[in-house]
Amino acid sequence: MKPDIYMYVLVMAAVTYLIRMLPLALAKKEITSPFIKSFLYYVPYACLAAMTFPAILSATASVISAAVGFAVALIAAYREKSLLTVALMACGAVFIVERILEVLPL
């Protein structure tokens, strides 16, 4: 049985459209609840973090270097460094730890 790729694409398009259209159609008046406003404000950040964090831990050869790079990135971001600086510092930390782990037998 040959899968009908056009049907798959059509269903995916319909689901994507409904997910984006239904909130606009159902919420006709302005949202006044501070809880719902703050919830909707932080949803993109939470989704981005949920998608990014597992990739951080599996992007390097070892979890140790990934954790060090993540910690360096958190500290640099907390100190309000630019995005490029944070990325370069995290990459540098991962590079150094990877080289150290190559030398040390664990």
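This note goes through the aromatic pairs, salt bridges and cysteines of the predicted model.

1. Basis of the model. Because the model is predicted, local features are reported at pLDDT of at least 70 and side-chain atom pairs only at pLDDT 80 or more, whereas totals for chains, interfaces and linings use all residues. Residues are numbered from 1 along each chain as its sequence is written, and side-chain values rest on heavy atoms, with hydrogens and water left out.

2. Aromatic pairs. Four aromatic pairs are found in a search of the whole structure, where rings of Phe, Tyr and Trp (its six-membered ring) pair if their centres lie within 6.5 Å, and where planes under 30 degrees apart count as stacked, over 60 as edge-to-face and the rest as tilted. The ring centres of Phe53 and Phe70 are 5.2 Å apart with the planes at 70°, so this pair is edge-to-face. Since Phe53 belongs to helix H2 (residues 34-58) and Phe70 to helix H3 (residues 63-78), the pair ties together parts that are 17 residues apart in sequence; helices here are DSSP runs (H or I, at least four residues), numbered from the N terminus.

3. Tyr41, Tyr42 and Tyr45 form one aromatic cluster.

4. Salt bridges. The structure holds two salt bridges, each being a side-chain nitrogen of Lys or Arg within 4 Å of a carboxyl oxygen of Asp or Glu. In one, the side chains of Glu30 and Lys37 meet at 3.9 Å, N to O; Glu30 is exposed at 63% relative accessibility, while Lys37 is partly exposed at 43%.

5. Arg99 forms a salt bridge with Glu102, their closest N and O atoms being 2.7 Å apart. These two residues are separated by about one helical turn, because they stand three residues apart in helix H4 (residues 83-103). Arg99 counts as partly exposed at 36% relative accessibility, and Glu102 as exposed at 58%.

6. Cysteines. A search of the whole structure for disulfides finds zero, a disulfide being a pair of cysteine sulfur atoms within 2.5 Å. Cys47 is partly exposed, with a relative accessible area of 42%, and Cys91 is exposed at 53% relative accessibility.

Definitions and conventions. Buried means under 20% relative accessible area, exposed over 50%, partly exposed in between (1.4 Å probe, protein chains only).
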